[in-house]
Amino acid sequence: MSIELRTTPHLHTPDNVIIIMRNVVLALLPVCAWSVWQFGLSALALILTTLASCMLTERMLGKSNTLGDWSAAITGILLALTLPPAFPLWMAAVAGFVAMALGKLLFGGLGMNVFNPALVGRAFVQAAFPVAITTWTPALFDGRFSQFIPTSFTMPFTIPPAVAEWNSQVAVDGFTGATPLGLHKFEGVSTSVLDLFLGNAAGSAGETSALIILLGGLYLAARKFLDWRIPLFVLLGAGLTAALFHFIDPQQYPSAPFMLFSGGLMLGAWFMATDMVGSPVTPWGVVVYGLLIGVLTIIIRLFGGLSEGVMYAILLGNAATPLIEQFTQPRVFGEKRS
Amino acid sequence: MKLFRRHSFSHGVHPPAHKDGTAQIPVRRLPFPPRLVLPLGQHIGAPAKSLVKKGEEVVRGQPLAAADGAVSVPLHAPATGRVRNLESVLTSRGSREPAIILDVYEASTQEVLWRESRDLENLNPEALLQAIQDTGLVGLGGAAFPSHIKLRIPDDKEVDTLIINGCECEPYLTCDHRIMLEYPDDLITGIRLAMRASGTSKAVIGIEDNKMDAVRLLQEKLAGTDNIRAQAVETKYPQGSEKMLIKSLLGREVPAGGIPADIGVVVNNVGTLAALGRLLPRGEGLIERVITVTGPGIKRQGNYLVPLGTPIGFILEQAGYSGGPNEFILGGPMMGPAVSSLDTPITKGTSGLLVLNEPQVREESRPRWACIKCGRCVSACPMHLNPAWLGQLAAAGEYAQMAEAANLNHCFECGCCSYVCPSNIPLVQYFRMAKAINREKAA
């Protein structure tokens with residue numbers, strides 16, 4: 001009889017990294033499906049492009065084959081969901097490469113990255129292709145399943161064609177294609193909160209439906225694959241800040257529900273701020289981190305040059321994480337609170 | 001105190017209980033093995049000094065070895081037989097230690113033939129503690145700390161409450177549960193003796209609420225007694241850890257680095273006090289104990305009364321073990337050590353013999369990943385440490401930093417962090433190694 005020797009504890013939870021990551025992918029699939037339903041072939045091509053780009057980069061530059069842990073797939077999907085649906089595919093491929101190479105592998109791979117890799121990729125293309133990343137197209141246009149949006153297949157290193165004319169051809173009810181946040185900030189037009197919640201608006205490929213994002217996020221929270229306190233405090237921070245400014249001047253500043261359900265806040269709060277690697281592990285750290293991201297998002301949206309602030313807010317939150325952890329180390333059992 | 005909350009502590013984990021196989025089976029006695037292996041150091045403290053020579057005949061109950069100083073206990077003969085040898089044997093700690101090997105007389109009736117009667121009513125606390133030391137009793141929950149030391153309250157401290165630990169929070173183990181159900185009178189006698197010895201005026205028996213039958217039975221037995229009560233606490237690992245149980249029952253926190261007596265509490269296990277209540281009035285020594293024998297592959301799972309020194313191979317044979325390659329654990333699966341030899345004997349601190357071959361514990365099905373900083377270990381650690389950070393420091397070899405900045409020494413190795421880690425990082429093992437290295441450096 002052979003005897004096995006192992007160290008304690010001899011029992012373990014069945015959960016592991018693969019199971020967690022696979023479930024995040026699962027929770028993102030409905031968001032992808034809604035994106036494809038809204039924006040058609042272009043959104044599908046966008047998702048597949050970033051997915052392939054991220055996975056190829058991880059495979060080629062990684063020390064060993066780590067595709068099996070699904071984390072590259074998550075980055076690929078998330079990246080696509082943060083980009084405009086008509087984003088030229090070659091730029092999306094560049095974003096995917098930067099996300100993995102600079103955002104993750106340079107730091108040492110899984111678990112070592114400081115910033116959310118998908119947002120590193122997006123920040124790079126935001127700086128590199130400022131026009132393309134703010135070019136929006138209408139949702140639910142006719143023929144979205146038979147034709148691509150013209151910009152999708154832009155030749156690499158050429159300027160994408162202007163889509164304003166194309167937009168006015170396909171759009172219903174004179175839809176201009178601008179995002180609700182952009183409409184509000186630059187044109188003073190408001191969008192109904194119900195439309196925002198259900199996803200009946202334009203925007204990045206995966207940010208439009210708060211409802212579907214919420215369902216995926218709640219599923220992950222219920223199965224304990226994400227820390228529910230992070231989205232709670234992000235949304236709380238954003239909601240309170242927005243409500244404060246709305247109270248001061250309701251004409252200039254939009255209401256809290258509008259701010260919560262518009263733009264990438266929902267997607268960011270549930271799927272990107274919750275990235276385990278870049279968020280604090282300490283209980284109070286999570287609260288500070290969430291509130292910080294929420295407040296920063298609203299400040300950037302209201303007072304920054306851009307209409308959206310979630311990406312930079314989360315990247316700043318990631319950067320602040322080591323500091324936050326340092327100040328929020330748990331009180332050891334039996335030690336007096338000081 | 002806590003009106004709306006279950007009596008509990010924060011953090012901890014909920015491993016599957018696996019207690020159904022043995023919880024309802026009454027304690028049975030196993031036959032005597034042909035040979036007993038009796039390490040002289042079955043307790044924390046100085047090993048006992050042997051009183052017998054090779055070839056000497058001994059009777060069941062007779063002292064084989066005497067306590068060597070204050071922090072030590074004697075060892076009594078678990079069976080009538082002949083001393084075969086004094087040699088060093090492999091123990092559950094993994095080291096070789098001196099032991100008495102006893103050949104058991106097959107024809108003997110194995111009655112206890114040695115007693116030291118005392119007039120318990122008239123003993124002062126000091127004499128009572130001496131009497132407790134003479135029984136050879138140690139903490140039977142696993143720590144094996146000499147009971148007379150534990151019940152002796154340092155002169156500069158004052159205690160008011162005796163807590164009796166009936167949590168049995170380790171999965172699989174049910175021996176304390178059976179003891180509470182089958183020997184409640186011994187337990188209550190033991191509690192009264194321990195209260196006298198320690199000078200406590202109140203006693204609370206803390207029992208996890210998955211053993212409500214034991215809670216109700218003891219509450220019935222204690223009806224009309226106002227200074228001893230039984231209290232259900234939340235079923236959660238490691239509820240049975242001293243510090244956690246005190247917090248759950250009284251809301252008091254043992255100061256970091258301190259002992260329960262610092263906050264007026266002394267804690268004993270139910271098995272220990274049931275043994276005390278049985279042994280002391282009879283003037284006998286500790287020669288046998290109840291252990292839970294369980295796990296897949298064991299035909300006759302249950303709780304067995306076995307003589308100390310019984311090799312685990314003999315127990316497996318008697319319980320009908322027919323499995324293949326396996327892991328053999330002394331105690332529970334969260335903190336019990338796996339043993340490398342089936343000759344390893346049951347000692348005073350062994351609460352169970354668990355055979356595990358579940359696929360989920362196998363190394364090959366548990367690949368390791370880098371820490372993804374999910375924070376589950378931080379939410380699990382009952383001492384409120386930051387195992388993720390400690391793990392990073394350990395990986396970097398910063399052992400001194402672990403102790404100085406990250407409170408390594410408060411870790412009592414309960415294993416919650418390793419249990420929850422989705423990256424399968426053996427955190428507790430890292431911490432044990434770091435502590436050992438720090439100890440070596442200090443020496």
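**Helix packing, sheets and the chain contact**

In helix H4 of chain B, B:His177, B:Met180 and B:Leu181 meet B:Asp213, B:Ala214, B:Leu217 and B:Leu218 of H6(B); two residues are in contact if their C-beta atoms, placed from the backbone, lie within 7 Å. By class, this contact of H4(B) with H6(B) has five nonpolar, one polar and one charged residues. Here Ala, Val, Leu, Ile, Met, Phe, Trp, Tyr, Cys and Pro count as nonpolar, Asp, Glu, Lys and Arg as charged, and the others, Gly among them, as polar. The model is predicted: local features need pLDDT of at least 70 and side-chain atom pairs count only at pLDDT 80 or more, while totals for chains, interfaces and linings use all residues. Residues are numbered from 1 along each chain as its sequence is written, and chains are lettered from A and ligands numbered from 1 in the order in which they are written.

The geometry of this helix pair comes next. The axes of H4(B) (residues 175–182) and H6(B) (residues 212–221) come within 9 Å and cross at roughly 30°. That makes H4(B) roughly parallel to H6(B). Axes are lines fitted to C-alpha atoms, for helices over the stretch in contact, and angles run from 0 to 180 degrees between N-to-C directions. Angles under 35 degrees count as roughly parallel, over 145 as roughly antiparallel, 65 to 115 as roughly perpendicular and the rest as oblique. The crossing of H4(B) and H6(B) is left-handed, a term used if the near helix is turned anticlockwise from the far one by less than a right angle (right-handed if clockwise).

H4(B) also packs with helix H8 (residues 270–282) of chain B at an angle of about 40°, their axes 9 Å apart. That makes H4(B) oblique to H8(B). On the H4(B) side, B:Cys175, B:Asp176, B:Ile179 and B:Met180 make the contact, with B:Val270, B:Gly271 and B:Ala274 on the H8(B) side. Again the crossing of H4(B) with H8(B) is left-handed.

Helices (H or I, at least four residues) and strands (E, at least two) are DSSP runs, numbered from the N terminus. Two strands pair if DSSP finds at least two bridges between them. Strand E10 (residues 202–208) and strand E11 (residues 228–233) of chain B run parallel and are joined by six bridges. The chain crosses from E10(B) through H6(B) to E11(B) in a right-handed β-α-β crossover. With the strands pointing away from the viewer, right-handed says that the path from the first strand over the helix to the second runs clockwise.

Chain B also holds an open, antiparallel sheet of four strands in the order E2-E8-E7-E4. Strands E2 (35–39) and E4 (57–58) of chain B stand at its edges, each with a single partner strand, so one side of each is left without a neighbour in the sheet. Within this sheet, E7(B) (residues 81–90) and E8(B) (residues 96–104) pair in the antiparallel sense over nine bridges, and B:Leu90 has B:Arg96 in E8(B) as its bridge partner.

Finally, the contact between the chains takes 35 residues from chain A and 50 residues from chain B. Strand E1 (3–4) and helix H1 (17–39) of chain A are the elements giving two or more residues to the side of chain A that touches chain B. Two bridges join E1(A) to strand E15 (residues 326–330) of chain B, and these strands run parallel. Across this pairing, A:Glu4 stands opposite B:Glu327.
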